Amino acid sequence: KRTVLSGIQPTGVPHLGNYLGALSNWVKLQETSNPHDDLLFMIVGWHALTLPQDPKELAASRWDMLATLLAIGLDPKRSIIFHQDHNQDHLELGWLMNCLSPVGKLFRMTTWKSRIATSRNAEESDVDESLLNAGLLTYPSLQAADILVYRATHVPVGEDQTQHLELTRDLAEAFNRTFKSDCPLFPLPTQVDTPTRRILSLKDPTAKMSKSAPDVRSRILLTDTPSQIQTKIRGAVTDTILGVTYDPNKRPGAANLLNILAACTNEDVGVVAARYESKGHKELKNDVAEAVIELLRNPQEEFARIREERVYLVQVADDGARKAKELSNETMRHVRDRLGLC
Ligand code: TYM
């Protein structure tokens with residue numbers, strides 16, 4: 001039996017990187033799962049609090065994210081879809097994970113290091129400490145708890161989460177070793193990749209596409225209109241070399257577009273690249289824009305419909321939280337028992 005689990009932060013509309021790197025895989029795993037596999041997909045409100053959030057916007061984003069997950073094809077009859085912040089078990093196990101996490105390891109997390117980099121002041125010297133809270137540092141141990149509290153075995157995420165998954169396995173091992181019983185409590189979860197595990201920024205193809213980059217033209221949002229998509233793809237940074245080849249190191253911009261196209265058409269990127277060998281960037285960009293518009297058409301229509309159905313959304317979230325708690329309560333009984341907290 002597999003337990004598939006993943007999460008996304010409710011900070012704004014998801015972008016194409018979230019979709020191709022993770023969300024599309026959630027739907028695929030739902031479709032290919034065995035009837036007795038457990039599938040859990042959550043919206044991680046507590047993780048969002050590590051950065052300043054406007055309460056009104058956060059409240060709206062949480063519901064929009066739930067509507068998005070349903071719009072892309074997650075089925076609440078098959079998958080447990082819920083808000084992380086509806087289940088306190090994450091926090092209890094999160095505290096234990098903090099107690100098992102060496103701080104040195106947390107300081108070495110690339111997400112923490114990139115936070116330090118972005119909180120340096122203009123002279124690139126001092127760190128603005130008011131931007132660095134303890135939640136940012138312990139973010140990965142809460143993520144480990146999210147995963148382990150359901151004893152998940154498979155976690156579909158993009159490449160930027162690899163280090164967090166490694167930490168999760170380390171913590172699971174540490175717990176299993178320290179609090180031994182007849183059998184290890186936590187399975188070591190495996191990361192499930194998509195072929196497009198890292199979608200790059202359209203404006204700076206050395207960086208990943210991200211929600212927080214200041215230039216909005218660097219990302220395609222799931223709610224972008226066809227003309228916005230066309231404009232953003234046409235403005236994507238490529239290079240001046242003639243013709244199109246797939247070379248992620250030397251030509252990351254073009255490679256990113258080819259990856260996006262291959263993901264949209266469900267083809268191998270090499271096959272797609274061969275079609276553009278004697279063509280130009282302009283033609284490639286036109287085709288990528290068309291393919292992305294087509295890919296997002298159905299989810300966008302569904303999203304517009306479902307986001308208005310608040311009663312249904314509340315029911316899905318309540319139902320999801322109840323089912324999630326049934327699973328996590330069981331884990332926590334074992335955890336408390338092994339710790340001596342009973
Ligand atoms: P978040 O909300 O930043 O992103 C959600 C998912 O999108 C993937 N992703 C990308 N994939 C490819 N290319 C990109 N440019 C790109 N940008 C984002 C992310 O890898 C992620 O899979 N820490 C997590 C949320 C989380 C979680 C969990 C995930 C909390 N607890 C437990 C799995 C299991 C995050 O911030 O995702």
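Student: Which backbone N or O atom lies 2.9 Å from a nitrogen atom of the ligand?

Tutor: This is a predicted model, in which local features need pLDDT of at least 70, side-chain atom pairs count only at pLDDT 80 or more, and totals for chains, interfaces and linings use all residues. Residues are numbered from 1 along each chain as its sequence is written, and side-chain values use heavy atoms, with hydrogens and water left out. The backbone atom belongs to Met-209. A nitrogen atom of the ligand is also 2.8 Å from a polar backbone atom of Ile-199, and one is 3.2 Å from a polar backbone atom of Gly-17. The protein covers 95% of the 720 Å² of accessible area (Shrake-Rupley method, 1.4 Å probe) that the ligand has on its own.

Student: How many residues surround the ligand?

Tutor: A residue is near a molecule if one of its heavy atoms lies within 4 Å of it. Here 28 residues surround the ligand, and Tyr-139 and Asp-146 are among the closest. By class, the shell has eleven nonpolar, eleven polar and six charged residues.

Student: Is Thr-50 buried or exposed?

Tutor: Buried means under 20% relative accessible area, with a 1.4 Å probe and protein chains only. Thr-50 is buried, because its relative accessible area is 9%.

Student: Which residues is Thr-50 in contact with, leaving aside neighbours within four places in sequence?

Tutor: Contact means heavy atoms within 4.5 Å. On that basis, Thr-50 is in contact with Asn-133, Gly-135, Leu-136 and Tyr-139, leaving aside those neighbours. The side chain of Thr-50 also reaches the backbone oxygen of His-47 at 2.7 Å.

Terms used:
Polar contact = N/O pair within 3.5 Å; in protein donor to acceptor, adjacent residues only side chain to side chain. Nonpolar A, V, L, I, M, F, W, Y, C, P; charged D, E, K, R; others polar. Buried < 20%, exposed > 50% of the residue type's maximum accessible area, 1.4 Å probe, protein only.
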